[in-house]
Amino acid sequence: MTIERCVNTCLLVDIWLEASAHGHDFVPLHLWLKAAHRMRTEYLPHSENYLCRDVSGDPLGFVSLTPGRIEALFVLPKFEGRGVGRSLLDFAKGLCPELTLSVFEKNGRALRFYRRNGFRVTGRGIDGYTGEPELTMTCISGSTSPPAGACLSRNSSE
């Protein structure tokens, strides 16, 4: 597996949509379809996106990051349980020792995954788009926190 910077938002939205529909069956599909445009035009362009590929170059999943936060981590359903999510999470932790994310409370598989990987619940709320309860989770993997904004470099020339 390799992880590389990705600016192909159409590819990322395809992965996101397939993984969201599969992993969040408690959210109606029409909401995911309706959100796809916003994902492509608003959310992904404001994040640093990293794509995980297999040895033949096929996409497996991705992680989207803003300073100190995982905005999205999605793995294509047919590749779940093969270490893709863990590789993406380890990659993100390597960029920033303190990370926060949000996860739907009903997404038991994701909750177990993040707990196994050092995340703890630090807050609760309601997702403004779906109305579903969500949890804020935080992981501190380093002994010291870097200064604000140090987790990711925002280089407009890339």
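How are helices α1 and α2 oriented to each other, roughly parallel or roughly antiparallel? In this predicted model, the axes of α1 (residues 9–23) and α2 (residues 29–43) come within 10 Å and cross at roughly 160°. Angles over 145 degrees count as roughly antiparallel, and α1 and α2 are therefore roughly antiparallel to each other. Their crossing is right-handed. On the α1 side the contact is made by Thr-9, Cys-10, Val-13, Trp-16, Leu-17, Ser-20 and Ala-21, and on the α2 side by Leu-29, Trp-32, Leu-33, Ala-35, Ala-36, Met-39 and Arg-40. Sorted by class, this contact has eleven nonpolar residues, two polar and one charged.

The structure holds seven aromatic pairs. One of them is Trp-16 with Trp-32: the ring centres are 5.7 Å apart and the planes stand at 90°, so the pair is edge-to-face. Because Trp-16 lies in helix α1 and Trp-32 in helix α2, the pair ties together parts that are 16 residues apart in sequence. Trp-16 and Trp-32 are both buried.

Another pair is Phe-62 with Phe-74, whose ring centres are 6.0 Å apart and whose planes are at 35°, so this pair is tilted. Phe-62 is in strand β3 (residues 59–66) and Phe-74 in strand β4 (residues 69–75), so the pair links parts twelve residues apart in sequence. Phe-62 and Phe-74 are also buried. Trp-16 and Trp-32 belong to one aromatic cluster with Phe-26 and Phe-104.

Gly-118 sits in the loop between α4 (108–116) and β6 (120–126). Gly-118 is partly exposed, with a relative accessible area of 32%. Leaving aside residues up to four places away in sequence, Gly-118 touches Thr-138 and Cys-139. Thr-138 is 20 residues from Gly-118 in sequence, and their C-alpha atoms are 8.2 Å apart.

Notes: Residues are numbered from 1 along each chain as its sequence is written. This is a predicted model: local features need pLDDT of at least 70, side-chain atom pairs count only at pLDDT 80 or more; totals for chains, interfaces and linings use all residues. Side-chain values use heavy atoms; hydrogens and water are left out. Helices (H or I, at least four residues) and strands (E, at least two) are DSSP runs, numbered from the N terminus. Buried means under 20% relative accessible area, exposed over 50%, partly exposed in between (1.4 Å probe, protein chains only). Contact means heavy atoms within 4.5 Å. Axes are lines fitted to C-alpha atoms, for helices over the stretch in contact, and angles run from 0 to 180 degrees between N-to-C directions. Angles under 35 degrees count as roughly parallel, over 145 as roughly antiparallel, 65 to 115 as roughly perpendicular and the rest as oblique. A crossing is left-handed if the near helix is turned anticlockwise from the far one by less than a right angle, and right-handed if clockwise. Ala, Val, Leu, Ile, Met, Phe, Trp, Tyr, Cys and Pro count as nonpolar, Asp, Glu, Lys and Arg as charged, and the others, Gly among them, as polar. Rings of Phe, Tyr and Trp (its six-membered ring) pair if their centres lie within 6.5 Å; planes under 30 degrees apart count as stacked, over 60 as edge-to-face and the rest as tilted.
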